Amino acid sequence: MPKEQEDILITIVIASVFLVLIGFFLLLIVFIFLRRQRKFQQERDEMKNRFEQTILKSQLEIQEQTFTHISREIHDNIGQVLSLVRLNLSTFSNIADHEKMEHTDELLGKAIKDLRDLSHSLQTNRIQDIGIVESIRQLLNNLHKSGRYKTDLKVAENFTGIDKNTDLIMFRMVQEIINNIMKHAKADQIAVDIEGNENEVQLIIRDNGIGFDMEKFKTAGPGIGLQNIFNRAKMINATVDIKSEPGNGTAIILQAKSK
């Protein structure tokens, strides 16, 4: 090979190697840039999630403090006043209409009992002490006693309980769901099924009310009550699944880790 052609060939090889190296470094730079971008995005998402969790936790603590305050007021103030009224009524001896007097006494007794039950349902410590099953049982019993609803509670034999923090949040979610049923569903039957094991718990809350169109619900988005439920679910990494159709009631399935 002539010397001139050999020099050209060497130049071409060197230039090719140089271009390959430049391409390699460019790809390496792009790879590092994308990796840093992804890491930055992950850190930003984690910060956003931590911030949202902190806000939700603060809201929950404020709400629980409010519930505790209302519970104490009901028990220490309103309940005692009604008990005194009932006691005073029992000292009246000159009332001609004894039947009306007895009826008034019964109404006062019922009001005192209902307020006591309401006070207990708002107490955070009590809910954590007696657990979610007993809390839901008492909630359903109170609804049944109102005469407006038939209620049913089923607990699976393999249900082993939930940790106390999850317990409280799940019960508040059930309360919110039942409040929604009472406000909007026009139902007269409410049933709760509790299933689970040491790893996972599932609560199903059903009613026989008017139901709603799921497509319209997805378009319009949840109302305040359901949004509260989704926010609480987010705090314990729970899922909320809603099944409903017009005229056939609604079922809401809550799933979370047990411990």
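## Phe-212, Phe-217 and the aromatic pairs

Phe-212 counts as partly exposed because its relative accessibility is 26%, a class that lies between buried (under 20% relative accessible area) and exposed (over 50%), as judged with a 1.4 Å probe and protein chains only. Phe-217, with a relative accessible area of 17%, is buried. The model is predicted, so local features need pLDDT of at least 70 and side-chain atom pairs count only at pLDDT 80 or more, while totals for chains, interfaces and linings use all residues. Residues are numbered from 1 along each chain as its sequence is written, and side-chain values use heavy atoms, with hydrogens and water left out.

A pair of aromatic rings is described by the distance of the centres and the angle of the planes. Rings of Phe, Tyr and Trp (its six-membered ring) pair if their centres lie within 6.5 Å, and planes under 30 degrees apart count as stacked, over 60 as edge-to-face and the rest as tilted. By this rule there are 2 aromatic pairs. One of them joins Phe-24 and Phe-25, whose rings are edge-to-face, at 5.8 Å centre to centre and with 65° between the planes. Phe-24 is partly exposed at 48% relative accessibility, and Phe-25 is partly exposed at 47%. The rings of Phe-212 and Phe-217 also pair, and because their planes stand at 50°, with centres 5.5 Å apart, this pair is tilted.

## Salt bridges

Side chains of opposite charge can pair when their charged atoms come close. A salt bridge here is a side-chain nitrogen of Lys or Arg within 4 Å of a carboxyl oxygen of Asp or Glu, and the search of the whole structure finds 4 of them. One of these joins Asp-105 to Arg-86, with the closest N and O atoms 3.0 Å apart. This pair links distant parts of the chain, since Asp-105 lies in helix H2 (residues 98-122) and Arg-86 in helix H1, 19 residues apart; helices are DSSP runs (H or I, at least four residues) and strands likewise (E, at least two), numbered from the N terminus. Asp-105 is partly exposed, with a relative accessible area of 26%, and Arg-86 is partly exposed at 32% relative accessibility.

Within helix H2, Asp-114 and Lys-110 are 4 residues apart, which means that about one helical turn separates them, and their side chains meet in a salt bridge of 2.8 Å, N to O. Asp-114 has a relative accessible area of 37% and is partly exposed, as is Lys-110, with 46%. Glu-134 and Arg-137 both lie in helix H3 (residues 124-145), 3 residues apart, or about one turn of the helix, and they form a salt bridge whose closest N and O atoms are 3.3 Å apart. Glu-134 is partly exposed at 31% relative accessibility, and Arg-137 is partly exposed at 36%.

## A positive patch and a strand residue

Arg-35, Arg-36, Arg-38 and Lys-39 form a positive surface patch; patches are made of residues with over 30% relative accessible area and no salt bridge, with like charges joined within 9 Å and nonpolar side chains (Val, Leu, Ile, Met, Phe, Trp, Tyr) within 5 Å. Arg-36 is found in helix H1 (residues 3-91) and, at 62% relative accessibility, counts as exposed.

Lys-150 is found in strand S1 (residues 150-155), and at 59% relative accessibility Lys-150 counts as exposed. The C-alpha atoms of Lys-150 and Asp-188 are separated by 6.1 Å, although the two residues are 38 residues apart along the chain.

Terms used: Areas by Shrake-Rupley, 256 points an atom, 1.4 Å probe, with all protein chains shown as cover. Lys, Arg positive; Asp, Glu negative; His and termini not counted. Charge placed at Lys NZ, Arg CZ, Asp CG, Glu CD.
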